[in-house]
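Trainee: I am new to this structure and would like to learn how to read it. Could you take me through it step by step?

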Amino acid sequence: MPPSDAQALITFDQVVKRFGDLTVLDHLDFSVAPGERVTLIGPSGSGKTTILRLLMTLERVTEGTIMVEGEPFSHMPRGDRLVPANEAYLSARRKRIGMVFQQFNLFPNMTVRKNLTEAPVHVLKLSRAEADARAEELLELVGLSDKIDAHPTQLSGGQQQRVAIARALAMRPEILLLDEVTSALDPELVAGVLDVLRTIAETTDITMLCVTHEMGFARDVSHRVLMFDEGRIAEEGTPDEIFGDPREERTKSFLKSVL
Ligand code: ADP
């Protein structure tokens with residue numbers, strides 16, 4: 001069951017996002033509970049990535065509000081009303097959220113260790129020793145302990161993506177956003193990245209919001225699947241409901257196109 005607003009970690013309330021004349025999200029309402037893993041599926045252009053980008057504060061809402069942990073996220077309190085959040089407010093909130101993109105976006109001129117420790121040292125103010133210990137632990141989790149002193153260019157795409165996942169987790173986010181993290185990989189490298197994400201799903205209680213075309217993965221790890229079409233939720237349910245017994249024609253034809 002979707003969480004009620006009182007229990008929700010993330011709430012979208014009547015969120016509209018427009019780019020010029022194009023309405024990408026159309027009065028969208030949904031909530032995500034703490035520890036819940038939600039997969040967003042649907043045709044290209046249906047607004048899935050925009051949802052993640054709003055949570056990463058890479059985009060701003062046009063209308064409506066986003067709440068995270070019961071606090072305004074898209075807006076900030078000023079006196080007794082809410083006004084659009086400014087950069088300082090957003091940057092404080094963004095620290096609780098990690099994102100992994102389709103393209104690996106590692107810092108190319110830094111070793112893996114530096115990639116994993118820079119933000120924890122500078123943003124979270126961890127000591128070098130603490131950040132190093134955390135980096136080592138996370139590299140073990142993603143199976144790349146032996147690459148700690150390598151540069152990204154010395155790694156395969158799959159290995160780079162596993163480092164990118166470790167780097168996101170190094171900030172100890174409460175929410176992990178995954179945007180088609182295997183789409184840019186050669187097919188033989190996909191399974192290794194998905195296995196790492198499965199391990200994270202099984203061994204942590206991090207809240208995950210995931211956009212993916214990997215339906216097997218979505219079925220295995222998600223608690224709930226949201227099917228998007230034209231900036232709205234066309235259908236939602238458990239993976240068994242959505243993949244096993246979809247009700248909406250749009251869901252059926254979408255699944256036929258990807259399975
Ligand atoms: P999805 O992830 O479901 O493929 P997106 O959220 O990436 O969909 O995009 C939804 C729509 O918004 C697409 O039509 C896309 O072209 C458009 N869009 C996304 N970002 C921008 C932008 N910065 N400027 C203009 N249009 C954009």
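Trainee: Is glutamate 69 buried, partly exposed or exposed?

Mentor: Start with the rule: a residue is buried if 20 or more other C-beta atoms lie within 10 Å of its own, exposed if 12 or fewer, and partly exposed in between, with C-beta atoms placed from the backbone. Glutamate 69 counts as partly exposed because it has 14 C-beta neighbours inside 10 Å. It lies in the loop between β4 and β5, and it has a positive phi of about 55° although it is not a glycine. As for the names, helices (H or I, at least four residues) and strands (E, at least two) are DSSP runs, numbered from the N terminus.

Trainee: What kind of model is this, and how are residues numbered?

Mentor: This is a predicted model: local features need pLDDT of at least 70, side-chain atom pairs count only at pLDDT 80 or more, and totals for chains, interfaces and linings use all residues. Residues are numbered from 1 along each chain as its sequence is written.

Trainee: Which other residue has a positive phi although it is not a glycine?

Mentor: Lysine 125, with a phi of about 65°. It is found in the loop between α3 (112–122) and α4 (128–141). Lysine 125 counts as exposed, because it has 9 C-beta neighbours inside 10 Å.

Trainee: How do I read a sheet, and in what order do the four strands of the open sheet come?

Mentor: Strands of a sheet pair through backbone hydrogen bonds, either parallel or antiparallel. Here two strands pair if DSSP finds at least two bridges between them. The open sheet has the order β2-β1-β4-β5, with antiparallel pairing. β2 and β5 (71–72) stand at the edges with a single partner strand each, so one side of each is left without a neighbour in the sheet. Two bridges join β4 (residues 63–68) to β5, and valine 68 stands opposite glutamate 71 in β5.

Trainee: In which sense do β8 and β9 pair?

Mentor: They pair in the parallel sense, over four bridges. Methionine 99 stands opposite leucine 177 in β9. In a regular strand the side chains alternate between the two faces of the sheet. In β8 (residues 97–100), Ile97 and Met99 point one way and Gly98 and Val100 the other way, and all are buried.

Trainee: Which residues are around the ligand?

Mentor: For this shell, a residue is near a molecule or strand if its C-beta atom, placed from the backbone, lies within 6 Å of it. The residues around the ligand are Phe19, Leu22, Val24, Gly42, Ser44, Gly45, Ser46, Gly47, Lys48, Thr49, Thr50 and Val211. β2 (22–32) and α1 (48–55) are the elements that give two or more residues to the shell. The largest share, three residues, comes from α1.

Trainee: Where is glutamate 174, and which residues does it touch?

Mentor: Glutamate 174 is found in the loop between α5 (157–170) and β9 (175–179). Two residues are in contact if their C-beta atoms, placed from the backbone, lie within 7 Å. Not counting residues up to four places away in sequence, glutamate 174 touches Arg96, Ile206 and Thr207. It is partly exposed, with 18 other C-beta atoms within 10 Å. Glutamate 174 and glycine 98 are 76 residues apart in sequence and 7.9 Å apart in space, C-alpha to C-alpha.
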